[in-house]
Amino acid sequence: MPMIIGLDVGGTHTDVVLLGENGLEKQVKVPTDTAALFNTVLTGLEKITENVPADEITHAVLSTTLTTNAIVQGKLSPAGMIVTSGPGIHPEAFRTDENYFIVPGGIDHSGREIEKIDPDKVKAAADQLERSGIRHVGVVGKFSARNPVHERQIAEILGDRFDRVFLGHRISGNFGFPRRIDTTFLNASIYPVHRNFFEAVSHSLKQKGIQVPIHILKADGGTMGFESSIAFPGQSILSGPAASVMGSVAFAPDYTETLILDIGGTSTDMAVLIKGVPLLAPHGVDINQYKTLIRALKTQSIGIGGDSCVRVIDGELKIGPDRTGKAMGYGGSDPTPTDALFVLERSVGGDRGRAIQGIEPIAAQLGLSMEEAAFEIFDKTCREILAGARQMIADINSKPVYTVKEALQGYQVNPDHILVLGGPAAYFAEHFENISSYTVDTVPECQVANAIGTALSRTTCEITLFVDTQKGLATAPEESFSQTVDLHFSRVDAHRMAADLLKQKAVKLGAQTQDIETELLEDLEFNIVRGFRMMGKNLRVKQQIKPGLIHDFKTISKKIADSCVR
């Protein structure tokens, strides 16, 4: 059985695993240096490949927090946007920042040009962007998913004046003008961060003689080739929470609903599995003020974890959401829930004396013994995590429920089982069961479960095919594909053509043929009528490779689970 590297960058540690015929062949944990994440990743890869023949490793899958952090922390690289107006709401309503230019040009909902591009206006916008030092630009036209001609014309006018130009119709085949603008802007803004990450990892691995295919975990729990991800860096956002979910899927029961709780240092990531299948945010994830078209697993984070700061404010115990660093038992400056576990002697590996120094003042302010205060901190942390989970479930039940397999009409989520992962998972699991009606288990190898899930995830992608039999044309704008068709081209023909294109795209992105399982997401057909005569049909077909785990994941996950039992 081939060996796979999985790497997950966490807020405190970066976990790296090597999976093979014996299950978990090797694991390493390196401190995450947020100021030098490249070095963190490279150190992890170097340690995991030490004394391992390079030719026995088939590929590596990385989940990265670089792009997510850049968005959340407001450290986006300046990017320009050139937008055509078209019919409907004026695009000024969707302005991203000062480097946003609206130029003439319009396409209607049927893909018909109703206003031509003005090349002089495009050149004037480019001149201003160059004067502002902008090197990366996004171009979006309304209904470009139907007809991308204006986006292509603008790209041609821009030529090689910029380092990278992102076209909206290539980023996503979905409709939704405001979301298309935000999605394209984010891709242009985080491109330098992701490109530098790619170049640093690729160069260093090559220097070490390791030349294996590298994949990136996406927000929907699938993976894509590292090199292909350069054109779609936005797909790498939220890969951290996706790793939590995929690390749990391999070990979740397939007969009930399971609540996933990944307890990290800074936060706790949450998700729900229905009979082992993750929930999905199918129309695009929202991150900060940006509403995107990026498909993502349905996850939620709350600002409470093992390293959250513990304080007493107005006589009340307060935990998080801020974090100033490690627990005091590990050399940090502020008391945390992890210090409470040290005091209660439920965790080892840290300096209990230092932890006591942190908890003692808290106990004095609360009028409790040190042990009582430590238990109060631990208990409150667990109860707040469960309260956050109940709120998330209520939010899920307020909207239609989608899994990565299907839409569940009217379905109400009501999990009765919890899977816990993360460093302190075992200690939290026991108390969750004591204070709730859930049955609770820990994920095998819970301290590196995210890296295991990252390694086991399979390649996914999607494709949107448009057919206009009156014009005699089938197009997939994201793929720069077009082919003539006749008036008799049917819906079945469209399904077959889309499936063929999707399989070609998946292989190009790094998918193994045995992992390619397609599914139909959209299937629309409209008759084109002129003067009471049917002139043809408009077809829109969207297909995807189902996110999930690689075909032999059960063999690997069983060996991992069995080794934990022994």
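## Sheet, helix packing and hairpins in a predicted model

Gly6 has Val61 of strand S4 as its bridge partner. The model is predicted: local features need pLDDT of at least 70, side-chain atom pairs count only at pLDDT 80 or more, and totals for chains, interfaces and linings use all residues. Residues are numbered from 1 along each chain as its sequence is written, and side-chain values use heavy atoms, with hydrogens and water left out.

Helices (H or I, at least four residues) and strands (E, at least two) are DSSP runs numbered from the N terminus. Two strands pair if DSSP finds at least two bridges between them.

Strand S1 (residues 3-9) pairs with strand S4 (residues 57-63) in the parallel sense, over six bridges. Both belong to an open sheet of six strands in the order S3-S2-S1-S4-S11-S12, with mixed pairing. At its edges are strand S3 (23-31) and strand S12 (223-225), each pairing on one side only. From one strand to the next, the twist averages 20°. Helix H8 (residues 239-249) packs on this sheet and touches S1, S4 and strand S11 (214-217). The direction of H8 makes about 95° with that of S11. Contact here means heavy atoms within 4.5 Å; axes are lines fitted to C-alpha atoms, for helices over the stretch in contact, and angles run from 0 to 180 degrees between N-to-C directions.

Leu238 lies in the loop between helix H7 (226-229) and H8. Its phi is near 60°, a positive value in a residue other than glycine. Most residues other than glycine have a negative phi, and most peptide bonds are trans. The peptide bond from Gly320 to Pro321 is cis, with omega near 0°. Pro321 is in the loop between strand S22 (316-319) and helix H9 (337-343).

**Helix H6**

Helix H6 (residues 177-207) has 31 residues and should span 45 Å at 1.5 Å a residue; its end C-alpha atoms are 44 Å apart, which agrees. The expected span is 1.5 Å times one less than the number of residues. At Tyr191, shortly before the proline Pro192, H6 has a kink of about 50°. Such a bend is the angle between axes fitted to the seven residues ending at a residue and the seven starting there. Just after H6, Gly209 takes a positive phi of about 80°.

**Helix pairs**

Helix H11 (residues 370-397) packs with helix H12 (residues 425-434) and with helix H10 (residues 352-366).

| Pair | Angle | Axes apart |
|---|---|---|
| H11 and H12 | about 75° | 10 Å |
| H10 and H11 | about 90° | 9 Å |

H11 and H12 are therefore roughly perpendicular to each other, a term for angles of 65 to 115 degrees. On the H11 side the contact includes Phe375, Phe378 and Asp379, and on the H12 side Tyr427 and Phe428 are among the residues. The contact residues divide into eight nonpolar, two polar and one charged. Here Ala, Val, Leu, Ile, Met, Phe, Trp, Tyr, Cys and Pro count as nonpolar, Asp, Glu, Lys and Arg as charged, and the others, Gly among them, as polar.

**Two hairpins**

Strand S27 (residues 462-468) and strand S28 (residues 473-476) run antiparallel, joined by three bridges. Four residues lie between S27 and S28 in their hairpin, and Gly472 in the turn has a positive phi of about 70°. S28 also pairs with strand S29 (residues 481-484) in the antiparallel sense, over four bridges. In the hairpin of S28 and S29, Ser480 takes a positive phi near 55°. Leu473 is the bridge partner of Asp468 and stands opposite Thr484 in S29.

Methods:
Parallel < 35°, antiparallel > 145°, perpendicular 65-115°, else oblique.
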